[in-house]
There are 2 protein chains.
Amino acid sequence: MQNTPVTLKNLAEKLKMSISTVSKALNNYPTINEFTKKRVQDLARELHFTPNKSAINLKQGKSKIIGIILPNLLDHFFTRSVYGLEQFASTLGYNVIISQSHDSLEKEIQSANMLLQTRVDGLIVAISKHTQDFSHFNEFEKMGTPVVYYTRNPSFNLNCHKVLCNTFQGAYQATKFLIERGHQHIAYLGGPKMISFTHDRFNGYIHSLKDHGIPFSAELVAYTDFDKESTITAIKSLFSSEEKIPTALVAFKEPILFDAMKYLRSINHPNFQNLECIGFGNTSFISYFNSPPVASIEENPESVGENAMKLLLQLLNRNIEISDYQKILVDCRLVVH
Amino acid sequence: MQNTPVTLKNLAEKLKMSISTVSKALNNYPTINEFTKKRVQDLARELHFTPNKSAINLKQGKSKIIGIILPNLLDHFFTRSVYGLEQFASTLGYNVIISQSHDSLEKEIQSANMLLQTRVDGLIVAISKHTQDFSHFNEFEKMGTPVVYYTRNPSFNLNCHKVLCNTFQGAYQATKFLIERGHQHIAYLGGPKMISFTHDRFNGYIHSLKDHGIPFSAELVAYTDFDKESTITAIKSLFSSEEKIPTALVAFKEPILFDAMKYLRSINHPNFQNLECIGFGNTSFISYFNSPPVASIEENPESVGENAMKLLLQLLNRNIEISDYQKILVDCRLVVH
DNA sequence: AACTATATTTCAAACGTTTGAAATAATAGC
DNA sequence: GCTATTATTTCAAACGTTTGAAATATAGTT
């Protein structure tokens with residue numbers, strides 16, 4: 001009843017020629033007669049011949065697959081980055097396997113092993129929040145499989161390839177923008193301290209204040225771990241000060257900003273209506289808000305993804321030596337609403 | 001410099017035993033001596049032996065991979081469904097390859113071919129908006145690879161397996177809820193007519209009206225194609241009537257609802273503040289809205305995904321005959337805000 | 001017709017596994 | 001010490017490709 005897939009052997013038998021002729025005809029070898037090619041290709045099409053990727057991979061020792069490990073597909077940054085990754089890979093005949101770590105180290109290791117077994121030709125990783133140890137990626141390097149870290153990366157480690165948002169610049173610009181709109185008390189609501197770029201963002205904020213002669217105040221800085229409770233705790237602390245009530249806010253991520261706004265609205269905070277905010281992310285939902293956010297920091301995730309893939313493919317083609325570690329920064333863009 | 005991966009042969013040589021012993025030891029064959037097993041497994045661990053999946057697939061004629069084709073990962077419904085799909089697959093040792101069609105038939109065909117070459121053991125599909133012809137999935141069935149459609153499906157075709165949201169019930173409940181809150185003029189903003197379940201939703205709305213003695217009025221129904229312009233056109237037509245201005249609205253999808261709200265707010269429509277709305281989706285952003293939406297229709301995408309995978313795995317294990325076509329409905333839940 | 005040059009096809013090994021059948025080793029029974 | 005069992009290991013073929021080397025066919029020269 002159910003057919004087994006058509007193989008080169010089947011075609012060869014039907015055409016009364018050898019398997020290698022069939023193979024070469026399908027791969028358009030110049031030594032094969034044009035008429036033979038046509039005969040083979042016609043029959044292949046007619047019988048829906050579909051080459052067995054496993055066999056090809058095995059023979060060729062490469063899979064034409066790029067593995068992607070990322071924390072989460074619910075986060076629009078990553079989903080959008082996938083678009084850039086895939087786009088660029090497919091133009092060069094590579095496919096992509098995406099594996100979510102759900103910000104768990106254990107799951108990340110599992111994913112790495114799975115991709116190792118699949119013999120991916122390269123790996124692109126945004127590490128989980130908890131990853132401090134990178135030994136599960138060493139095997140790839142040992143086998144000569146290039147690894148590119150993107151966005152979330154081992155910040156202390158220079159000996160790796162990375163493609164990052166220029167998050168310093170993003171925070172700097174956002175802060176500058178708010179200063180230029182006349183704000184003096186600009187609060188900063190940061191993200192989890194384990195994430196590599198948390199500090200870059202904070203530095204952008206600090207440097208911008210400094211460059212524009214606004215004094216820094218520790219009371220205007222708080223951190224959240226992304227969950228609602230910790231965001232509310234943070235926002236409470238920012239708005240609890242006696243004299244320095246923030247009139248503007250730079251937030252680590254738009255969803256955090258939403259939670260913060262929601263809370264301030266719910267307690268009817270007097271400053272709520274005039275507060276001006278900017279968050280990282282530029283999610284499409286921002287445009288539905290009627291009040292606070294005045295701008296978004298667009299992190300260009302598609303471009304980050306594309307750059308990561310571009311770098312990886314250069315490593316694969318040995319256009320760049322694998323030991324010549326690259327660091328690429330993709331600029332952010334301030335989007336005013 | 002760069003090592004080639006360790007193979008069974010390498011292990012066998014180092015241990016001075018045959019490849020088959022090594023293979024069987026690693027696969028825990030009962031005929032292999034316990035001490036031998038230990039020696040093999042220890043060395044395998046030490047040398048980081050990683051079995052080559054391509055070789056295994058080739059030999060066994062199965063890949064332990066399930067292919068997923070879906071329109072888009074930017075849509076939270078699909079992203080959440082992936083969670084259910086993966087979750088369930090991984091407990092049974094299956095991996096998943098996700099391919100986005102971006103609602104293009106051409107890309108969908110490409111994805112199908114790629115997955116065919118990968119020799120996936122099964123396929124789960126949410127078809128693109130434009131897919132009317134399903135011949136690109138026939139090859140799977142021919143090779144005995146089961147295909148399960150989920151959410152978006154060939155509605156006219158009974159001879160396939162499908163797992164769907166009970167979208168009729170969702171629309172019915174939402175409408176009922178609004179009626180019970182005293183509304184008489186409940187508008188319905190539908191989605192693209194090519195999507196299979198557009199009509200089911202509309203029917204839920206209609207039946208609910210009928211069952212509760214509310215007369216149906218064609219002026220209270222409009223359709224959008226998801227893009228902003230067509231949503232605005234639709235909403236204009238709904239609110240243009242002389243006598244029957246809607247006091248409540250059921251929308252095909254929350255993002256559409258957001259666009260609609262934004263428009264009404266921007267023109268300062270007199271009914272805007274009192275309008276009560278319900279959309280399909282229950283995106284997390286809904287909770288940040290301060291005005292209209294009073295409830296969401298939670299479609300339980302994780303459960304839809306899980307059910308699709310569960311069905312597929314039963315087909316794979318021949319617990320269900322492939323020709324015994326199944327249709328599974330997953331209920332929606334009204335979430336009141 | 002014999003030889004060369006060229007075009008085309010085929011051979012055969014290899015990639016890394018799995019697995020039933022066959023071979024060998026170890027143990028027990030006498 | 002020999003045979004019968006049983007435990008353990010090895011042989012060898014197979015999965016579906018690719019590919020350089022070898023073989024064969026075809027055409028061109030003389």
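Student: What places B:Phe226 in a loop of chain B?

Tutor: In this predicted model, B:Phe226 falls between strand E7 (221–223) and helix H10 (228–238) of chain B. Helices (H or I, at least four residues) and strands (E, at least two) are DSSP runs, numbered from the N terminus.

Student: Why is B:Phe226 called partly exposed?

Tutor: Its relative accessible area is 27%. Buried means under 20%, exposed over 50%, and partly exposed in between (1.4 Å probe, protein chains only). The value of 27% falls in the middle class, so B:Phe226 is partly exposed.

Student: Where is A:Thr151, and why is A:Thr151 called buried?

Tutor: A:Thr151 occupies the loop between strand E4 (147–150) and strand E5 (161–166) of chain A. Its relative accessibility is 5%, so A:Thr151 counts as buried.

Student: Which conventions apply to these names and values?

Tutor: Residues are numbered from 1 along each chain as its sequence is written, while chains are lettered from A and ligands numbered from 1 in the order in which they are written. In this predicted model, local features need pLDDT of at least 70 and side-chain atom pairs count only at pLDDT 80 or more, whereas totals for chains, interfaces and linings use all residues; side-chain values use heavy atoms, with hydrogens and water left out.

Student: What makes B:Ser196 a buried residue, and which residues does B:Ser196 touch?

Tutor: B:Ser196 has 13% relative accessibility and therefore counts as buried. B:Ser196 lies in the loop between strand E6 (186–190) and helix H9 (198–211) of chain B. Contact means heavy atoms within 4.5 Å. Leaving out residues up to four places away in sequence, B:Ser196 touches B:Thr151, B:Arg152, B:Asn153 and B:Ser155. The C-alpha atoms of B:Ser196 and B:Phe156, 40 residues apart in sequence, are 8.6 Å apart in space.

Student: Why is A:Leu209 called buried?

Tutor: A:Leu209 has a relative accessible area of 2%, so A:Leu209 is buried. A:Leu209 is part of helix H9 (residues 198–211) of chain A. Not counting residues up to four places away in sequence, the partners touched by A:Leu209 are A:Thr175, A:Ile179, A:Ile214 and A:Phe216. From A:Leu209 to A:Ala187, 22 residues apart in sequence, the C-alpha separation is 11 Å.

Student: How do you know how chain A compares with a compact globule?

Tutor: The radius of gyration is taken over C-alpha atoms, and the globule rule is 2.2 Å times the number of residues to the power 0.38. For 337 residues a compact globule would come near 20 Å, but chain A has 26 Å. The C-alpha atoms of chain A fill a box of roughly 90 × 40 × 35 Å along the principal axes. The secondary structure of chain A comprises 12 helices and 12 strands, and buried residues make up 54% of its 337 residues. Of the contacts in chain A between residues at least 6 apart in sequence, 70% join residues at least 24 apart.

Student: How do you know how the two copies are related?

Tutor: Copies are superposed by least squares on the C-alpha atoms of residues with pLDDT of at least 70 in both. Chain B can be laid on chain A with an RMSD of 0.0 Å by a turn of 180 degrees and a shift of 0.0 Å along the axis. The two copies are thus related as by a two-fold rotation axis. In chain B, the C-alpha nearest that axis belongs to B:Ser54, 2.2 Å from it. The same surface serves both copies, as 100% of the contact residues of chain B recur in chain A.
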